[in-house]
Amino acid sequence: MRKLWVVAKHEFLKITRKRSFLLGTLAMPLFFVAIMVLVVVVLVVGEDQRPIGYVDQAGVLATVTALPPDEGDGPNPVELQAFTDEAQARAALEAQEIQAYYVLPADYLTSRDVQLFYWEKAPPNSAQRRFNNLLRANLSTSLPVEVAERAQKGVELTARSADGRQEVGGDSIINIFVPFFIGLFFSIVVLSSGSYLMEAVSDEKENRTIEVMATSMTPGQLIGGKAIGLMAVALAQIGILAVTIAISLIVGAQFIEALRAIHIPWSMFLTLALFFLPTYALIAGMMIGVGSMVTETRQGQQIAGAISMLFTLPFFVVVVFFSAPNSPLATILTLFPTTSFLTVTLRWGMTTIPLWEMIAGWVLVTASAVFMVWAASRIFRLGMLRYGQRLDLKSMLRAVRTGTEG
Amino acid sequence: MTTPTAMVSHLSKSFGAVRAVEDVSFEVYPGEIFGLLGPNGAGKTTSIRMMLDIFTPDRGEISVLGGKMDEAKKNRIGYLPEERGLYKDLKLEPTLIFMARLKGLSDAEVKRRLPDWLKRLDLYDHRHKKIQELSKGMQQKAQVIATLLHEPDLVVIDEAFSGLDPVNTRLVEVIIREQQAAGKTIIMSTHQMHQVEALCNRIALINKGNTVLYGEVDQIKRNFAGNAVTITGQGDFLNVPGVLEARQVNGDWHLSLASGASPQDVLRTLTARDGIKIERFEIAEPSLDDIFIWTVQGRQEPDHA
């Protein structure tokens, strides 16, 4: 077992010390951070910080005049400034001392009309929300404290599927795109590490090191060590991105209201983790098989590209998932071993995937992975010593069937 | 009787329709340098691969270090394959550390042993270079280190000296002798007969997948004595009936005899020729080169041997 970990560590360090890996791994998080910083800068710098005025002709804003900062106010809550009459407020607006002003007419309590005056640009949502909060706070002063608080905060809506397995938070668009981006990133990481695995096997062949390896450990230890090392690479990439995204979202949520609506889909993470392991093993098995068959890494990369297509196919039909997430195509792709992982991920935010589909999909991908790893170890044993010879299909099938080189 | 360190008995292996090994048997004893000889494609490497559990034999028995190959035994074997290589885009020192760790050495032990080996083989100053930046000879020496660093009990070397210059060939010869002196068992597969003569105690010659010659080097040479004669003299020694090949070596004539031809017949023929003056005529001890060629070409040991 120790040799397996020696190989795993070796593979992990070999890849993570490459400049191309560092660039590839850090590029995405840095891109994400850059986008987040850009959005925040635009919001903070571009947001008008001048006060909002109000003219209370209805006399309803007299009780509560100062409002404590609310979580929806952003980092720099806009000040609310009372004016005794509209002329005074308009003068302040013309002098650009305030960005806008509200007028609550004398018949507000019956008409519920409120007027907002500004020049070219309406005040941001956070500023408007701040005035609404002030209005609610004053309107609810006569209510019991608990009722007043509830009335001020409004409702928190959670939509749940009838069988209770899935829930969707308030902002469903964001909760569709979170799984979408997770699926996209998982795919990139999983496929790049699968490609690394193919290279790791064909490199042994290309470098003529396989015989020494074969007399130092079992093929299982060699392949297993490489797979674990590369899975660690994939997890490191995922970890770096996950931490970056988490920090960016926490920081970004201080500035961007929409980010606060994101709900962490724990049940999705758990389900994806269950699908991730057999899917990774399936890719690993396929890539080991390819790496063992070819004579040069370059040849293998072409075949690896074709295999990647098998796993990323759901992205090409994602429009179908949007329009009909429970269509027969979606079901087929959920059940098909190479596409189940990504299909489940993409469908997650759009529908409640039937339980039988998920169980059947998982069983199929797991069974395929077990078979593929078993077959790959047989192909590997045969292919690893065929220097300069491409393994033909007939020999490969014989190796899988009989487990011998002959 | 001493238990052999390695034993293969009646091995056979086919790849599809091609029979790579038909019937190979030999035993290698502790502390000896054993030569595995044979022309290209004879089945030497396939036999070694079966012995080391890289290939599964179709038939036959194998015993290594007292029994079947297992994971613990792999740590006691050092193998320098004919198809040799190292990770070209990695640096020399970490590569050797990795390979030694796979042979069960601890990190600390590798780091204790490695500098001495690197210095001895003139690689110490190149330890931080990538393998691909090293010359072919340096890479060969690096692989010798990888083969021996874990101090194996059984060393299997396929074409030990290919790619080495004369200085490094001598160095590797010395190292092989040192390994033998330290009680290690060495199996060498090679074409280079002079090295076999210089190093090996016993040999097995494999031809067309069969063991065709097997035993002590000296005994084999004695068995083949009489198949060649050495003559000092003047005259035309070419085109003598019963002589396969005549060549001059250091002023003497070396005549390889055809099957069935006796030295006495050749002597009679030569003395009957005009213009021939013989100062010395002796039955030559054949070189392993001669024996190799005779055996591979289907010649038999002389009847009188």
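Trainee: Let me start with a single residue. Which residues does B:Q139 touch, not counting residues up to four places away in sequence?

Mentor: First, the ground rules. This is a predicted model, where local features need pLDDT of at least 70 and side-chain atom pairs count only at pLDDT 80 or more, while totals for chains, interfaces and linings use all residues. Residues are numbered from 1 along each chain as its sequence is written, and chains are lettered from A and ligands numbered from 1 in the order in which they are written. Two residues are in contact if their C-beta atoms, placed from the backbone, lie within 7 Å. On that basis, B:Q139 touches B:L86, B:I131 and B:L134, leaving aside residues up to four places away in sequence.

Trainee: Where is B:Q139 found?

Mentor: Helices (H or I, at least four residues) and strands (E, at least two) are DSSP runs, numbered from the N terminus. B:Q139 is in helix α5 of chain B, residues 136-148. Its C-alpha atom is separated by 9.4 Å from that of B:R84, which is 55 residues apart from B:Q139 along the chain.

Trainee: Why does B:Q139 count as partly exposed?

Mentor: We count other C-beta atoms, placed from the backbone, within 10 Å of the residue's own: 20 or more is buried, 12 or fewer is exposed, and in between is partly exposed. B:Q139 counts as partly exposed because it has 19 C-beta neighbours inside 10 Å.

Trainee: How many helices and strands are there in chain B?

Mentor: Chain B has 10 helices and 13 strands. Of its 305 residues, 41% are buried, and its C-alpha trace spans about 75 × 45 × 40 Å along the principal axes. For chain A, the tally is 16 helices and 6 strands, with 37% of the 406 residues buried.

Trainee: What does the model score, and what pLDDT does chain B average?

Mentor: pLDDT is the predictor's confidence in each residue, from 0 to 100. Where pLDDT is low, the predicted coordinates should not be read in detail. Chain B averages 88, and 97% of its residues score at least 70. The model scores ipTM 0.77 and pTM 0.71.

Trainee: Now helix packing. At what angle do α10(A) and α14(A) cross?

Mentor: Axes are lines fitted to C-alpha atoms, for helices over the stretch in contact, and angles run from 0 to 180 degrees between N-to-C directions. Helix α10 (residues 266-293) and helix α14 (residues 340-348), both of chain A, have axes that come within 9 Å and cross at roughly 165°.

Trainee: How far apart are the axes of α10(A) and α15(A)?

Mentor: They are 8 Å apart, and α10(A) packs against helix α15 (residues 355-383) of chain A at an angle of about 25°. So α10(A) is roughly parallel to α15(A).

Trainee: Last one: how many residues does each chain bring to the contact?

Mentor: Chain A brings 19 residues and chain B brings 27. On the side of chain A that touches chain B, α1 (2-16) and α8 (210-214) each supply at least two residues, and α1(A) gives the most, with 4 residues.

How values were computed: Parallel < 35°, antiparallel > 145°, perpendicular 65-115°, else oblique.
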